[in-house]
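Please look at the model first.

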Amino acid sequence: MNKHTAELLEKHFDTAFASPDGIKKLRELILTLAMQGRLVPQDSKEQPASELLQEIEAEKQRLVKEGKIKKPKPLPSVTEEEKPYALPQGWVWVRLGNIGLINPRNNADDDMPAGFVPMPFIQEGYSEFHSFEERPWNEIKKGYTHFADGDVGMAKITPCFENAKSCVFSNLPSGIGAGTTELHIFRNAFRAVDPRYLLFFLKNPKFISETAEKMTGSAGQKRVPTPLFAELKLPLPPISEQHRIVAKIDELMARCDELEKLRTAQQGARLTVHAAAIKQLLNIAKPDQHQRAQAFLAEHFSELYTVKENVAELRKAILQLAVMGKLVPQNPDEQPASELLKEIEAEKQRLVKEGKIKKPKPLPPVTEEEKPYSLPQGWEWVRFGNIAAIERGGSPRPIKAFLTNDPDGLNWIKIGDTEQGGKYIVSTHEKIRREGLSKTRMVYPGDFLLTNSMSFGRPYITKIEGCIHDGWLRISPSDALEKDYLYQLLSSSFVKKAFEASAAGAVVLNLNSEKVRELAIPLPSSEEQLRIVAKIDELMILCNSLDQQIDVAISKQAALLNALMLAKSKDDTTKETQQTSPSKARVIDLATYRTSIGCYAINKLATAQYFGRTAAAKVMYLAQAHIGLDLDLKPEREAAGPLDTWIYDFERQGQDKRWFEVNEKTLANGRKKTEYRCLPALSEPAAKAEAQMTPGQKTEFDRLIYTLADKKTEEVEIIATLFAVWNDFLIDGVQPTDEQIISDVRENWHERKARFTPAELGRWLDWLRRENMIPQGLPPRTVQQSRLNLDG
């Protein structure tokens, strides 16, 4: 391994640890470098692989002549066009079937003990382990794949192949075995390859992804055909170098294992600290100490919540605080919940008297022993059945006789009609006849439905009239209750645990409607219910923001790591070229280069929520002024600038070439937005841009793209404008203060820039520094938009 490769691996160990998928990518890089001959140094004194191939050929001819093997079917040589990269001196490209036996058979006595290996006994991923059952050879010699100690086995069927189920068989009884027919076997009959070197080749995700595209068969049953396995192209080093490569891979994979253990320990510690903090938060003794809870949330929101597991726990804690009366302050002047209960009782008596509901079965009061915690003043513990009617659904029999295609039929509400990740039921897939529905339960807009089995107890609010089967419980709450509060209450871990405790069933747990009626729930005043819902909504928006920030951070880390590894896994022969910007001579046509860079940006960003023409123009400006790409842009200080009118020519060209579609839509505020929809042909110019950028430029450009991907159009405008003004000052030889930059944006650009307040611009200047998007005075300098002279 040369010094350059050693340094890049050391660098990537740190990078990989920071990225969620980094260690997996690092393992792939290690195997890629190994197969390129860049993991260990070559020794010119060692026998080259070409001489080893000559010895193998002579050995084959001898065995054929002695009748020990059949004359092998000749395989085509590896052509120059097939070679994906140049190999070091002493290495050769070979077909796998030319250096060993493919899918051989064993000859052994029937009573000889052997190892039986079904597919589940072979581990996936980078594990090399396999187990076996000892059986007599005569039980397994027919109908199974044969193998022996030292053979390399590779799963040939999806998804086992994609999951890297492969191994070197070892320690088999009598040295032989048989097993799943979904294996390809390579027998190292001529000792041409270290079996573990071949195994690492087969486990490389790059090899797996490339080969998966060539699998044959129907979906779910695709296989690597035998000819494809036999004709696999293997980069073959001298045998001594193979041993050194395997030893180095073992060393580096062991470091990856240690990194994974350390990351697991760190994540466990983070989760433990968070759990302790949440527990302390929920154990605040006095209800009037809600201020401590709010202070905790405000202080630790961005500090603790850098992983989604913690954000999920925070959501649960917010709901738990809400139902404990610790999320918002109480107001002693408000009507207490006891008065609300009187209103609900009066409403029930009126409905009974009018014959609209049956007289409900009385429920006992909540005892002190049943109360899990103390409530704030003004709250009450109440039986669920005292504030809502609760009934189980029912299905007519046979159900198929009641289904109808009549659009005026009644909605037939099933679990599959629930909104994914939402709380409302707004439509159904099927309708049912209204006649003969005596065994069903009708539901109306505003009713609640609880799933009755499997993921039981999940609440939904219906916005439609319909009927339900016995997989649902219907909750018809009093009109005096705030529906959104009840929804949050039913979503809380407190109620979910109560449901779990009361569910019963021999095979599948089900909710018991009587147990649900008897559930003791905390009830605040009507006014406090509204305040609780408002505070939950506010905090859940922050939780959503945290989730989005984590997603963006993960995307950035993954993109940076991918870019680094792609660059470093390429041949060192391009090193000199990579250190310089693409000159006009190299790019040949600057206009084509600029267009391909634009296609690359659109290909990356077109699906981003806020991306459109305005953001595209800013990204192109920053690609030149910040990243240093030679785009020869002349950005003007327009209202939404910096903007080079080249963008309009680019859009026309993109539509003519069928790279993308340009669509204009009207926003809610009346303004128009131009968006792009990528077409298949866009991949070609985007790939060209990737080839024309240096790895360093691509890495920084990707970082810029992912940094801006989640920003709103106006935010991208602020970022680019601040950068441009700051950069213009530097080009003019001035080191500006923040006040000078902000003043120039608001006063010397365009009158529409004055809508941004100094405080807002100051916050985004701080953001530029945090993201290390600091101008260096690179061209282009923005120019003032030309205006008509109306003074004569």
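Arg135 lies over the face of Phe116, 4.0 Å from the ring centre. Arg433 sits likewise over the face of Phe402, at 4.9 Å from the ring centre. A charge sits over a ring if NZ of Lys or CZ of Arg is within 6 Å of the ring centre and within 35 degrees of the ring normal.

The model is predicted: local features need pLDDT of at least 70, side-chain atom pairs count only at pLDDT 80 or more, and totals for chains, interfaces and linings use all residues. Residues are numbered from 1 along each chain as its sequence is written, and side-chain values use heavy atoms, without hydrogens and water.

The structure holds 16 aromatic pairs. Rings of Phe, Tyr and Trp (its six-membered ring) pair if their centres lie within 6.5 Å; planes under 30 degrees apart count as stacked, over 60 as edge-to-face and the rest as tilted. Two of the pairs are tabulated.

| Pair | Centre to centre | Angle of planes | Class |
|---|---|---|---|
| Tyr621 and Phe723 | 6.3 Å | 80° | edge-to-face |
| Phe660 and Tyr676 | 5.4 Å | 75° | edge-to-face |

Tyr621 lies in helix α19 (residues 613-625) and Phe723 in helix α23 (residues 713-731), so the pair ties together parts 102 residues apart in sequence. Phe660 belongs to strand β23 (residues 660-666) and Tyr676 to strand β24 (residues 672-678), so this pair links parts 16 residues apart in sequence. Helices (H or I, at least four residues) and strands (E, at least two) are DSSP runs, numbered from the N terminus.
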